Amino acid sequence: MRILHTSDWHIGRTLHGVDLLQHHATYFDHLVDLVGQEGIDAVVVSGDIYDRAIPPVDAVELLSETLARLSEKTQIVVTPGNHDSAIRLGFGASLMRPSIHIRSLIRDIARPVELVTTNGEELLVYALPYLDPNAARPQLSEDSQGIARSHEAVMSAAMSAVRSDLSVRESRSSARPASLVMAHAFVVGGQPSESERDIRIGGVDSVPSGVFDGVDYVALGHLHGPQVVKSAGSAVARYSGSPLAFSFSEMNHKKSSALVEIGKDGVLGEPQLFAAPVPRKLSEVSGTMDELLGATGEKYVDDWLRVYVTDQRRPQEMNARLKARFPHALVMQHRPVGVGETARAAITVTQASNPAEVASRFIEDVTLTPPTPQERKVLEDAMDLARAQEKSA
């Protein structure tokens with residue numbers, strides 16, 4: 001059984017104000033082509049389909065079109081993540097085409113999607129929606145007080161139900177069923193980035209990898225960097241990562257989809273990673289204004305860019321000059337050499353404050369040097385003029 005694992009699409013997301021919908025569409029074109037070229041038996045999408053619970057209309061339309069195109073070539077199993085509304089994503093699930101399986105209900109955790117290839121190969125896919133500890137505990141046990149208010153506790157209860165179903169099926173059959181679990185969680189050992197939403201509940205946000213013992217493959221979602229999770233008991237566990245970069249913390253990620261082959265004896269070999277198309281490279285560069293406008297900045301002109309200007313004094317018209325040089329610059333900051341990230345002391349302004357003094361402090365805060373006597377004179381003259389006009393009004 002050839003399974004393509006992907007997750008964290010976040011359709012409808014922007015990157016520092018840049019609409020990514022067209023770049024999502026490019027990835028979905030790639031995904032549809034990949035399914036056809038590689039003879040994929042099923043695509044599993046482990047949560048965060050949309051970027052927010054109430055997605056924009058064009059995001060809904062793009063998902064609808066994508067699922068329809070994929071369903072013509074393969075089976076699809078979709079579960080909601082912490083960004084999705086399980087109810088909205090699962091609406092009409094029972095009316096979908098037979099090849100589209102949207103599993104958003106906690107009560108269906110132990111009822112797997114049963115996939116069968118034309119060659120008779122079978123795979124049980126247990127599709128776990130994102131399990132919020134507060135909402136999931138009453139649905140996972142009649143005695144919800146017996147389940148601790150943590151991600152580990154609810155995931156353990158869910159996996160206990162999965163293993164129980166597997167045990168019953170194994171006892172009825174002469175062969176051990178191949179199995180895959182889809183889960184959206186922060187598993188211990190995973191490396192997060194800045195763009196994942198915090199799922200901490202009561203100070204506890206992680207799940208030990210051993211919780212997933214007893215299945216063949218764990219198709220994880222939530223973390224945006226593709227990575228293997230070690231020590232998952234007998235299971236092979238992996239994050240597919242997001243198909244696009246959603247923050248500068250992801251600029252060194254190699255975005256991909258994971259092709260996993262699963263047989264009656266478990267996962268066969270190493271997953272094959274297929275690189276996702278890169279709409280525009282994310283980069284970071286620092287230097288003086290002269291350096292950035294010269295040779296140093298040349299190779300970054302076409303990138304989505306975070307720029308740090310290191311001149312001791314803030315250059316005049318800094319942002320406008322940088323934007324003219326780097327049309328895709330998304331973050332532009334003045335960060336002089338030798339100045340750390342420690343917050344500067346706040347300036348308290350009251351009616352009793354001297355306006356010229358407040359303005360002088362502001363200039364020093366921005367440029368890291370106090371105004372010169374000539375600049376101070378200009379400020380004081382401007383304040384005197386403003387007071388005179390206020391009195392004459």
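Two exercises with worked solutions follow, on a predicted model.

Residues are numbered from 1 along each chain as its sequence is written. Local features need pLDDT of at least 70, side-chain atom pairs count only at pLDDT 80 or more, and totals for chains, interfaces and linings use all residues.

**Exercise 1. Overall form**

*Solution.* 
- Step 1. Take the secondary structure: the chain has nine helices and 20 strands. These are DSSP runs, with helices (H or I) of at least four residues and strands (E) of at least two.
- Step 2. Check the box. Along the principal axes, the C-alpha atoms fill roughly 95 × 50 × 40 Å.

**Exercise 2. The cavity**

Find which residues line the largest cavity, and sort them by class.

*Solution.* 
- Step 1. Count. There is one cavity of 30 Å³ or more. A cavity is a set of points on a 1 Å grid over the protein atoms alone where a 1.4 Å probe fits but cannot get out; lining residues have an atom within 4 Å of a point.
- Step 2. Size it. The largest cavity has a volume of about 30 Å³, the space filled by probe spheres set on the points.
- Step 3. List the lining: Y130, L131, H151, V154, M155, H184, A185 and V207.
- Step 4. Find the main contributor. Helix α5 (residues 151-172) gives the most, with three residues.
- Step 5. Sort. Six are nonpolar, two polar and none charged.

Technical notes:
Heavy atoms only, no water. 1 Å grid on protein atoms, 1.4 Å probe; cavity = no way out; pocket = protein on both sides within 12 Å on 5 of 7 lines; lining within 4 Å. Nonpolar A, V, L, I, M, F, W, Y, C, P; charged D, E, K, R; others polar.
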